[in-house]
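Please read it alongside the sequence and the coordinates.

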Amino acid sequence: ATSPPSAWMQFLARFAARNAMEHDRFRPLLLVIDLFCVLVLIRCVDRLLNRPWEGLLTLVFSFVLVRSRMAACTSQHALISVKPPRASASFGSDRRAGNVRFVSATSCCPGSRKLGLVCASNSQSSVIEPAKLPSSPESGSTPKKSSEAALILIRHGESLWNEKNLFTGCVDVPLTPKGVNEAIEAGKRICNIPVDVIYTSSLIRAQMTAMLAMMQHRRKKVPIIVHKESERAHQWSQVYSEETKKQSIPVITAWQLNERMYGELQGLNKQETADLFGKDQVHEWRRSYDIPPPNGESLEMCAERAVSYFKEQIIPQLVSGKHVMIAAHGNSLRSIIMHLDKLTSQEVISLELSTGIPMLYIFKEGKFIRRGSPAGPSEAGVYAYTKSLAKYRQKLDGMDQ
């Protein structure tokens, strides 16, 4: 590898870099240095003939002057203009002089510029201590670091067909009074946790749970369902007040978060179906990972659509720092938890989720940290708040005073 330039050369290079835009001002000074070098060399020859020691010192001094003059010229001509930053990392053009060159390196972050001193040989080059230049005000702000975000998972409250012990699947039935109370209690448990966006399935029981839960939140923002089923529905449901938008939470419905489709079992009584087909067969349909009921979905098939939607639509929200709540169903949520907790197909089939009980995850630095189920507002200490969630709760306390 090529040896790095001397400290003297680096000093002169940096000096030339700082004054590159005004190098014409130093041209007379350089001419004076040239003249002085010539006079020193003449004096040197005279001293060498009469006083060898003084001549030797003068020779060394003249050598330093000549090297300084050469280095100044080299540094001056080796400097290139720094180009504005672009979207991707790249290196600017360079002009070689000796073994020193300056290159401008643009970074992927807008507003940042780097200028590096490079030692170059015929075969390879290496950057030496690139220095970051300050961003200009016109370049805009740099991207904000992503902070932790909350992810809340809630299985809907008891539905009318849960109460009747019927296979529900993708049949759209509402909550029972008990299910309404479960949704309200779930809302009380998460009333101190920030929520920026809500995702639900396209089924009414999950949407009711989301709405009732958010009505208990201390921030008192209004959940509003986003209608995108048609251009007209989207246009007619627009909100034109910016202040109202700030006091609202978008609710996004997605069929991908629907309950597992139970095919020909939907609407049948679970006990009667077990008596008809056999307890073991029904248990296999309900609890196996990859065996679907007749003309229905297996848990594996449900997981494929639910986890895919979670990765494509919900994780980007968390990465951007937004706090997300998902109100969905037993099997679609089991699929997502399988992905978050890295469960095996055998572990997930034994996972049970109670209706109306929220699960909390913290997304931080690309990882999901399971925090369990938040305690109700009157039960302190069971659920440990993170630092940012504790600050949010303090903010809510301040708003209530």
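Glu 352 is exposed in this predicted model, with a relative accessible area of 54%. The side chain of Glu 352 meets that of Arg 287 in a salt bridge, at 3.2 Å from N to O. Because Glu 352 lies in the loop between helix H13 (345–348) and strand S10 (358–364) while Arg 287 belongs to helix H10 (residues 279–287), the pair ties together parts that are 65 residues apart in sequence.

**Salt bridges**

- Over the whole structure, the search finds five salt bridges, and the pair Glu 352 and Arg 287 forms one of these.
- Arg 370 and Asp 341 form a salt bridge in which the closest N and O atoms are 2.8 Å apart. This pair links distant parts of the chain, with Arg 370 in strand S11 (residues 367–372) and Asp 341 in helix H12 (residues 330–341), 29 residues apart.
- Arg 370 is partly exposed at 41% relative accessibility, and Asp 341 is also partly exposed, at 24%.
- Glu 297 and Arg 305 form a salt bridge as well, their closest N and O atoms being 2.7 Å apart.

**Annotated positions**

- An unreviewed UniProt entry carries the annotation "active site" for His 156 and Glu 259. The two span 104 residues in sequence, yet no two of their C-alpha atoms are more than 10.5 Å apart, so they gather at one spot.
- His 156 sits in the loop between strand S5 (149–155) and helix H4 (160–163), where His 156 is buried at 3% relative accessible area.
- The side chains of His 156 and Arg 205 are joined by a polar contact of 3.3 Å.
- Beyond its neighbours within four places in sequence, His 156 is in contact with several residues, among them Asn 162, Leu 175, Thr 209, Ala 328 and Thr 355.
- Glu 259 lies in the loop between strand S8 (248–253) and helix H9, and Glu 259 is buried at 8% relative accessibility.
- With residues up to four places away in sequence left out, the contacts of Glu 259 include Gly 169, Cys 170, Leu 203, Gly 330 and Asn 331. Also among the contacts of Glu 259 are Glu 297 and Arg 305, the two residues that pair in a salt bridge.

**Boundaries of helix H9**

- At the start of helix H9 (residues 270–277), a side-chain oxygen of Asn 269 comes to within 2.9 Å of the backbone nitrogen of Gln 271.
- After H9 comes Gly 278, which has a positive phi, near 100°.

**Cysteines**

- How many disulfides does the model contain? The count is zero.
- A disulfide is a covalent bond between the sulfur atoms of two cysteines. Under the cut-off used, the two sulfur atoms must be within 2.5 Å.
- Cys 170 is partly exposed at 28% relative accessible area, whereas Cys 191 is buried at 7%.

Methods:
Residues are numbered from 1 along each chain as its sequence is written. This is a predicted model: local features need pLDDT of at least 70, side-chain atom pairs count only at pLDDT 80 or more; totals for chains, interfaces and linings use all residues. Side-chain values use heavy atoms; hydrogens and water are left out. Buried means under 20% relative accessible area, exposed over 50%, partly exposed in between (1.4 Å probe, protein chains only). A polar contact is a pair of N or O atoms within 3.5 Å; within protein, one must be able to donate a hydrogen and the other to accept it, and residues adjacent in sequence count only if both atoms are side-chain atoms. Helices (H or I, at least four residues) and strands (E, at least two) are DSSP runs, numbered from the N terminus. UniProt positions are given in the numbering used here, feature names are shortened, and annotations may be inferred rather than shown by experiment. Contact means heavy atoms within 4.5 Å. A salt bridge is a side-chain nitrogen of Lys or Arg within 4 Å of a carboxyl oxygen of Asp or Glu.
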